[in-house]
Every structure is written in structure tokens, then in C-alpha cells.
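Get the viewer open, and let's take it one neighbourhood at a time.

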Amino acid sequence: MELTCSSSRGGNSPCQEEDSNGITQVVLLGSTGSVGTQTLEVISLHPRRFRVLALAGGRNSVDLLRRQVERFRPEYVVLPPDTEVELPPDTRLLHGEHGLREVATLPLADVVVAATSGIVGLEAVYEALGAGKRVALANKETLVAAGSIIMAQAARCGGEIIPIDSEHSALFQCLQGRGEEVKRLILSASGGPFLRKSREELQDVTPDEALSHPLWNMGKKITIDSATLMNKGLEVIEARWLFNIEPERISVVIHPQGVIHSLVEYIDGAMLAQMGPADMRMPISYALGFPQRIESGATPLELTSLTGLTFEEPDTNRFPLLRLAYEALSEGGAATVVLNAANEEAVYAFLEGRIGFCDIPVWVERALSSIPHAPVETLEDVREIDRKTRRFMASI
Ligand code: MG
């Protein structure tokens, strides 16, 4: 892919969120998923501040997308390929990845919320950054699979990424642009529903048990990733790219209460933590309103109702995917692309009852040791390794 920038607009300006009418024009990729619907909830709290310019979604529910269009009246709608829906006559309908790219680079767009799942929106995020846009990034696969390419594009073209992943939003808030004074980043993890289960007990857990996350309301795939701790592994990789920090300086701590969303330790020993309710509308509103804080709709945390905050080391014997993620990150290149694609396929196989819970890391490790780790320099390289990995995983 040609690495060009279609705009010379400065990405560090805090003023790019508003057009001449003072309204922020939002392009929402993945509107019918969990983050997408919660983004629209936040937007509906601020009708004079935000306008939905484009909605892309419908993979899980075309009917939900139709209702969103009726309510928010976007100018553009992007549907999955070969999908149709009745739209108001003045709405422009686009399809598939081409459509995602087109709306992500609309001249009127101020913020592109990237909340698609998997690597569907990879090129759209890349091109939005190329056009100097602010990307509110909820999709971690983008940085896991193509972190160096995406961050280089943002730096070259003046685009900026504001994280929506709650831990990264917490780190972003605690960092406030500081780099050199940082000793390490500490990602907190709830530990998922199986934190206290033995290795033997883990063999028999069902998809339904794995889908009952104790704290967060999220999509199915990420809920399974929380149960295996792979979600935290992917977040370590995401943090490495987002904050340009060596993997050795990123730690994970199990914090079952989920009150502290992550911490930054500084060289003087100070630790800054961001805390609040476990509600995705908080990081979403932070990314939409940055640098201002705006109302999110989240129920405030009641400090006196907390009975205690605890912290413990993650157990990578019972949850080996976290270890595999660190290994893939230190190997670099294709390894994290393989890790991501193999895990996604293994999670779907588990959800469909084709493999057990403890087979997920076994299959990921098998893919990592079987697929040659070619260099990754372009998004095409990423796509090619992703396809190879999924072909390999078809033998499950
Ligand atoms: Mg997270």
C-alpha cells in the first residue's frame, strides 16, 4: 500500500474536534456492537455537541442499524457486503471495507470511532490517520496486528489516536503526555470468571460460564478473552504501540474489584491510578470529548460501598495466553498477527463447542510454532499472515 497522507492537518491540536458550527461530526464504525451502541448512548446525552455523520454496522443486527439510522439520521450508512436495508431517501448507502474507508476519510469527519471487531477496520483506521483524523480506538486488534504500521502512519500524517479500551484510557489519563519520567505502566485485569478455578476445573468450563463476566458488559469474543486472560495479553501489545514503551516496562496486575482501571508508576515512586465505575461509557465519553471531560451517563462510584481493593500476580500457568502474548510481542513481526488470528479462531471454535476452554492456548501455541514468521511491513503483509493463520486454524 502506498504510504501517503491526504492531509497536512496537525494532529496535536486539541481543537480539531469541532467544525465551524461547534459541532463534532462523528463517524462510528461498528455501531451495532457493544462499544458502538454505548457510543450512541453517550452521543444522545449531548445532542448539541455531537452529530452522527456516518454509521457503519449491521453485522450482528441489520434491524438495530435501521433503528439507529432512524434516530440519528446520518448522511452515510455502511453495511456489510451483500446486505440491504431500507433507508431514508437522503441517506447514502455504502458497503463493506471500501465503504468503511470512504466514511473514515470524509472531509467533514472530526472523530472516527473505530469499534469494529477483528481486523475488519484496519485499512479504514490507517486511512483515517492518513487524513489527519482523530481516531477514538476501541478495536485493539488494529494495534496488535499492525501496531508499528499504524503508529508510523499517525506520526507521519498528523492523525491521533485516543484510546477507548478502558485500561488504555486510564493510562492515557494518568500519563498526560509524559514519557521520560515513566517507570512502568501497570494494566489491571479483573481476572475474569475463572480466577479461582484450578487447572482441572478449567477443563470442563462451558461457553455459557465463560460468557458471564463478573464486571463488564462486553461482546462475546472479548468476554472469552477476559476469561482466558488473552484480553490482557492483547492489551499489553496495544499499550506497547500506543505509548511507545518497551514490553519489559508493561506489567499486569490482577485486581478483581475492577475499580482501578490501570496505573502509571513514575521514576520518583509515585503511582497515578485512574478509578471509576466499570462502565465503557466513561472511556468512550473521554475519547469523544478530549481534552474536555463530558457527562458519560455512568453511575458514579460509591467509595464508601467498597470493601477493599486487592492486587495479585497473574498465574500464567493456568492462563498461558498472557505469557504467549508477551513472547509474541518480543518476537515481533508476524508473531502478534498469528497470535491474534489464531486466538480469534480458537475462541469461535470454543463458543461453537468444537474445542474445550483449555484447548484455546494449545491451538494458539500450535499456530505460533507452525506458521513462518515473515516480516511485516505493509497492511497487505498483515492480511496475508492473517489469512494463512486462519487457514491453519481451519484444521481444528
Ligand atoms: Mg480493556
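**A guided walk**

Leaving aside neighbours up to four places away in sequence, V259 is in contact with Q274, M275, G276, L301, L306 and L309, where contact means heavy atoms within 4.5 Å. V259 itself sits in the loop between β9 and β10 (260–266). Helices here are DSSP runs of H or I with at least four residues, strands are runs of E with at least two, and both are numbered from the N terminus. V259 is buried, at 4% relative accessible area; buried means under 20%, exposed means over 50%, and partly exposed is in between, using a 1.4 Å probe and protein chains only. Its C-alpha atom is separated from that of A273, 14 residues apart along the chain, by 9.9 Å.

Before going on, two bits of housekeeping. This is a predicted model, so local features need pLDDT of at least 70 and side-chain atom pairs count only at pLDDT 80 or more, while totals for chains, interfaces and linings use all residues. Residues are numbered from 1 along each chain as its sequence is written, and side-chain values use heavy atoms, with hydrogens and water left out.

Now step back into strand β9 (residues 250–254), where you'll find V252. V252 is buried too, with a relative accessible area of 11%. Setting aside residues up to four places away in sequence, V252 touches L187, A189, K232, V236, P314, L322 and Y326. The C-alpha atoms of V252 and L185 are 67 residues apart along the chain, yet separated by 8.5 Å.

D165 and E167 are both buried.

Time for some helices. In α9 (residues 220–228), 7 of the 9 residues are buried, so this helix is largely enclosed by the rest of the structure. The buried set is K221, T223, I224, D225, S226, A227 and T228. Their cover includes α5 (141–157), α8 (207–210), α10, α12, α13 and α14.

How do the helices pack? Take α13 (residues 335–351) and α15, whose axes are 9 Å apart at an angle of about 40°. Axes are lines fitted to C-alpha atoms, for helices over the stretch in contact, and angles run from 0 to 180 degrees between N-to-C directions. The pair is therefore oblique: under 35 degrees counts as roughly parallel, over 145 as roughly antiparallel, 65 to 115 as roughly perpendicular, and the rest as oblique. The contact involves V337, V338, A341, A342, E344, E345 and A346 of α13, and V382, I385, D386, T389, R390 and M393 of α15.

Helix α15 (residues 379–393) also meets α14 (residues 359–370): their axes come within 10 Å and cross at roughly 125°. α14 and α15 are therefore oblique to each other. On the α14 side look for W363, R366, A367 and S370, which meet T389, F392 and M393 in α15.

The peptide bond from F290 to P291 is cis, with omega near 10°, and P291 lies in the loop between α11 and α12 (320–331). Q176, in the loop between α6 (166–175) and β8 (182–189), has phi near 45°, a positive value in a residue other than glycine. Q176 counts as exposed, at 59% relative accessibility. N244 also isn't a glycine but has a positive phi of about 50°. You'll find N244 in the loop between α10 (230–242) and β9, exposed with a relative accessible area of 63%.
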